[in-house]
Amino acid sequence: MRLRLLAIMTALAFLLAPMALSQSILVWDKDHNLTFQDPEGGGQVDATYGVTKALTANGYTFTKVTTLPADLSPYNILFVIMGSYC
Amino acid sequence: MTDYSLTAGQQQDLIDFLNAGSSIYIEGNDFGYYHKSNPVYSMFGATYVGDGNATGNVQNLAGEDDTLMSGAQQIAYTYGSAYPDQYVDYITANGGDLIFKSQEQRNRAVSYAGPNGTYRAIYATFWFGAMHDSGATCNKAMIMVAYMRYLMGDTMVVSVANEISVTAGGTADLLLEADATYAGRTYAVLGSLSGTTPGFNFGSAHIPLNMDAVFNFIRTHWNSAMLANFQATLDASGRAVATLNTMGPLNPAYAGKTLNFAWIAMNPVDYASNPSPLKFVP
């Protein structure tokens, strides 16, 4: 029974992995915490706010980090949000 | 001002990421100022021109014709504000397509498919989040749709004006983005109001459109005034732009419907693009 479950899970992992990878998005928040007034009334926000809001509005999920990971291979689209002075 | 630029290791990571065929959207007021002489900068299809003013740079942005941002007109920007409007670099193209310019005709963003269509990149000198939504006609969510279709490597991308009012009518640019292996190939743009699945097989390609009356209308009116450049030749980079012009108002019954486009490489038909939608709204 366990072996059958393992086989099914392995098969599912192979089937689902390419689907997840096809839109694997990393947002690198490198704006060193500069904020401004959101033009849509969101208060003081940083430079990633508008990008992540628009991604979410279109149904995209993403991972957001402040340090660039050593291994970028899990991702196929990278958003580099640098703000000012860089 | 403090320099928060990319380290040498981070620059190499970005280069490696693109060379692996992945995609990057990068924005920063001073990415060019700090990195114009670094190899990483050359990956984005632009040349740095200037650093911009301490403040008072971008009042509004307009999309360039025949690009991803065709139809994006007069998008207000957070003018005079710290920090989005400080020292906003301006650029020119170096292999890429300029997609946004500001009110004084300075170029502020570029899209680039790499030297041989090997990756996708978008580089903006302004902050995406500092653009103001302009109601239903052009807003950040719509711009992100066009950005994402490009970054995902779609070979058919309807520009940001991906909605047309049936009451007012309008135009939409369709970007055909193959790579240099398709240079000089004849192509044809097809469309359907009846969805994308199951589609059908033709030649050795699977065409992701269902045949209907609109499909037949389009294929019998290629290169008419309504369907400019719908059948032509891909350029040396394997690219082209076709334009739909409704020539005025449409039948109100089209409101709420989606017209999907795809293109095929012809003689022989051995390639079909992804489908890309254009919505008809009241």
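The views below show a predicted model, in which local features need pLDDT of at least 70 and side-chain atom pairs count only at pLDDT 80 or more, while totals for chains, interfaces and linings use all residues. Residues are numbered from 1 along each chain as its sequence is written, with chains lettered from A and ligands numbered from 1 in the order in which they are written.

View 1. Chain A has two helices and five strands, in the sequence pattern α-β-β-β-α-β-β. Helices (H or I, at least four residues) and strands (E, at least two) are DSSP runs, numbered from the N terminus. The mean pLDDT of chain A is 80, and 72% of the residues score at least 70. Of the contacts in chain A with a separation of 6 or more, 69% are between residues 24 or more positions apart.

**View 2. The side of chain A that touches chain B.** In this interface, 30 residues of chain A are in contact with 40 residues of chain B. On the chain A side, the elements giving two or more residues are β2 (35-37), α2 (48-57) and β5 (77-81). The largest share, six residues, comes from α2(A). By type, the residues on this side of chain A are 21 nonpolar, eight polar and one charged. Ala, Val, Leu, Ile, Met, Phe, Trp, Tyr, Cys and Pro count as nonpolar, Asp, Glu, Lys and Arg as charged, and the others, Gly among them, as polar. For the complex, the predictor gives an ipTM of 0.87 and a pTM of 0.85.

**View 3. Strand pairing between the chains.** β5(A) and strand β1 (residues 23-27) of chain B run parallel and are joined by five bridges. Two strands pair if DSSP finds at least two bridges between them. A:L78 is opposite B:I24 in β1(B).

**View 4. Helix α1 of chain B.** The twelve residues of α1(B) (residues 8-19) should span 16 Å at 1.5 Å a residue, and the end C-alpha atoms are 16 Å apart, which agrees. The expected span is 1.5 Å times one less than the number of residues. B:L14, B:F17 and B:L18 of α1(B) are buried. These buried residues fall within an arc of 95° seen down the axis, so they line one face of the helix; the arc is that of the directions from the helix axis to the C-beta atoms. Their cover includes β5 of chain A together with β1, α3 (39-42) and β8 (120-124) of chain B. The face turned away carries the exposed residues B:A8, B:G9, B:D16 and B:N19. A residue is buried if 20 or more other C-beta atoms lie within 10 Å of its own, exposed if 12 or fewer, and partly exposed in between, with C-beta atoms placed from the backbone. Just after α1(B), B:G21 takes a positive phi of about 90°.

**View 5. An open sheet in chain B.** Four strands of chain B form an open sheet in the order β9-β11-β17-β15, with antiparallel pairing. β9 (156-158) and β15 (227-228) stand at the edges with a single partner strand each, so one side of each is left without a neighbour in the sheet. Three bridges link β9(B) to β11 (residues 171-177) of chain B in the antiparallel sense. B:M156 is opposite B:L176 in β11(B).

Note on methods
Contact = placed C-beta atoms within 7 Å. pLDDT = per-residue confidence, 0-100.
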